[in-house]
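Thanks for coming. I have one structure to go through today, so let me put it on the screen.

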Amino acid sequence: MSKRFSIHDWQAKINEQGFDQRLAQQMGMSNDEFEDQVASRDIGDGGSSFPGDESGYSPAAAKARDYIETFRKEYREMSDDQLDEFSVEIINHLLDNTAAQAAAKVFFAKKGI
């Protein structure tokens, strides 16, 4: 028995391919890099591919925690105006990344903002 053509299945496949390609382009990755580094992640591999979830104990997460501790020590000595200026610059720098933007959206959505 032959399988019938389904326009819905076909359209879903086309839309998914287009999304992955657009996301890879937005992230500045080739399609192969995207496949290897993003699309191939499995939720069951000990990490989470969902923004806003606990990042585990990866080297990158550990390095981020070290930087956060350094920031906390340094901005204790800043005035309120300096702290505001510093915070805006850091946020603008960190949000220049699609994964960080997605995490920020999740953060604000959880707060109802």
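What does the accessible surface of the protein come to, and what percentage of that surface belongs to carbon and sulfur atoms? The accessible surface is about 10,000 Å², and carbon and sulfur atoms account for 53% of it. Please keep in mind that this is a predicted model, and that every value I quote is computed from it.

Now the overall build. The protein has five helices and zero strands. Read from the N terminus, the order of elements is α-α-α-α-α. The chain has 113 residues, and 6% of them count as buried. As for contacts, take those between residues at least 6 apart in sequence: 25% of these join residues at least 24 apart.

The nonpolar patch covers about 340 Å² and is made by Phe107, Phe108 and Ile113. One of these residues, Phe108, sits in helix α5, which spans residues 98–110. Is Phe108 buried, partly exposed or exposed? Its relative accessibility is 38%. Phe108 therefore counts as partly exposed, because that class lies between the 20% and 50% cut-offs.

The other patch is negative. Which residues form the negative patch? They are Asp80, Asp81, Asp84, Glu85 and Glu89. Of these, take Glu85, which lies in helix α4, residues 80–94. The relative accessible area of Glu85 is 56%, so Glu85 counts as exposed, the cut-off being over 50%.

To recap the surface: there is a nonpolar patch with Phe108 as one of its members, and a negative patch that includes Glu85. That is what I have for today.

Key:
Residues numbered from 1 in each chain as written. Predicted model: local features only at pLDDT ≥ 70, side-chain atom pairs only at ≥ 80, totals over all residues. Heavy atoms only, no water. Helix = DSSP H or I, 4+ residues; strand = E, 2+ residues; numbered from the N terminus. Buried < 20%, exposed > 50% of the residue type's maximum accessible area, 1.4 Å probe, protein only. Contact = heavy atoms within 4.5 Å. Areas by Shrake-Rupley, 256 points an atom, 1.4 Å probe, with all protein chains shown as cover. Patch = residues over 30% accessible without salt bridge, like charges linked within 9 Å, V, L, I, M, F, W, Y side chains within 5 Å. Salt bridge = Lys/Arg side-chain N within 4 Å of Asp/Glu carboxyl O. Lys, Arg positive; Asp, Glu negative; His and termini not counted. Charge placed at Lys NZ, Arg CZ, Asp CG, Glu CD.
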